[in-house]
Amino acid sequence: MANLHQPPNSPILYSFQSKDQIIQSLANFVTRIQKDAIDKKGRFTIALSGGSLPKMLGGLIGNPAIKWAHWQVFYVDERVVPLDHPDSNHRACMEALFSHVPIPQENIHAIDTALINDLEELSDAYEKDLIREFAQKDAARFPVFDLILLGMGPDGHTASLFPDHELLSEGDRWIAYLEDSPKPPPKRITFTFPVINHAARVAFVAAGKEKVTTLADVLDRPEKGLPSSRIRPGFPGQLYWFVDDDASSAVSYPKTPFKL
Ligand SMILES: O=C1O[C@H](COP(=O)(O)O)[C@@H](O)[C@H](O)[C@H]1O
């Protein structure tokens, strides 16, 4: 559980020469965290993003060390569209990962598309799904995920938390909704900052030259307050960055060699 009396741990930045190296290292990292979680509690709770992230998870396919039956998967944010829509984060994760591995479908927590015409009900229902998974088991004010995987947009947004948006100050709800996302589609639901910042581990995955300025702003100039720089899991939580050398070429923040 987050300890408010201790300052957050500093982020750990891993930079790789290629996307393939990110994919392999990320797979090793996730594999180790799921083993520790399952050994300790018999389950592994993970939340995934959409955007470019799902395609970075390919290193998990065919890995015999992954105990899929023990995974409980939620989405950090979801675009409010049918689950087979090209914009759906669930669809992207199914196509890139879950349709290739033996995970029980009931362990993947997608939005209830019967509710997509009422965003408040939809986000309440997703919050209740989270509460069912976490509240009775962990009795915490906020869920404590074993691992949350995030992306970062070129504007510095993460999840569906966009620069200058009123949801940046949401400190109470677990799941919030928005109808005015600056990036299409406009209707989305999203984890709030407190949920992300209560996780045991959070890892950003960001690659490509189009992220270079934003990554330097987030890591070297956090005082700018971009949404991605507000991700600071409370102690003893740990934040990691898995990036490529293109994205990190303008960053002064110290890099750490990757080893497990
Ligand atoms: O719209 C979204 O964007 C972010 C970042 O996407 P990326 O393609 O720049 O990695 C993503 O993390 C989020 O889940 C998604 O809904």
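Predicted model: local features only at pLDDT ≥ 70, side-chain atom pairs only at ≥ 80, totals over all residues.
Which residues touch the most other members of the largest nonpolar core?

View 1. Six strands line up in the order E1-E9-E8-E5-E2-E3, and their pairing is parallel. E1 (12–16) and E3 (71–75) sit at the edges with a single partner strand each, so one side of each has no neighbour in the sheet. On average, neighbouring strands here are turned by 20° against each other, ignoring direction.

View 2. E1 and E9 (residues 238–244) run parallel and are joined by 5 bridges. Look for Leu13, which stands opposite Trp241 in E9. Helix H1 (residues 19–41) packs on the sheet, touching E1, E2 (44–48), E5 (147–150), E8 (201–206) and E9. The direction of H1 makes about 155° with that of E9.

**View 3. Inside the largest nonpolar core.** Back to the opening question: out of 70 residues in this core, the ones touching the most other members are Ala47, Ile148, Leu150, Ile196, Val205 and Phe242. Zoom in on Leu150 and, leaving out residues up to four places away in sequence, you'll find it touching Ser49, Val76, Thr158, Ala159, Val202, Phe204 and Ile231.

**View 4. The shell around the ligand.** Here 14 residues surround the ligand, and Ser49, Gly50, Gly51, Ser52 and Gly151 are the closest. What's the make-up of this shell, in nonpolar, polar and charged residues? It splits into 3 nonpolar, 9 polar and 2 charged. Ser49 turns up in two of these views: as a contact of Leu150 and as one of the closest residues to the ligand.

How values were computed
Residues numbered from 1 in each chain as written. Near = placed C-beta within 6 Å. Nonpolar A, V, L, I, M, F, W, Y, C, P; charged D, E, K, R; others polar. Pairing = 2+ DSSP bridges. Helix = DSSP H or I, 4+ residues; strand = E, 2+ residues; numbered from the N terminus. Axes fitted to C-alpha atoms, helices over the stretch in contact; angles between N-to-C directions. Contact = placed C-beta atoms within 7 Å. Core = buried A, V, L, I, M, F, W, Y, C linked by C-beta atoms within 7 Å. Buried ≥ 20, exposed ≤ 12 C-beta atoms within 10 Å, placed from the backbone.
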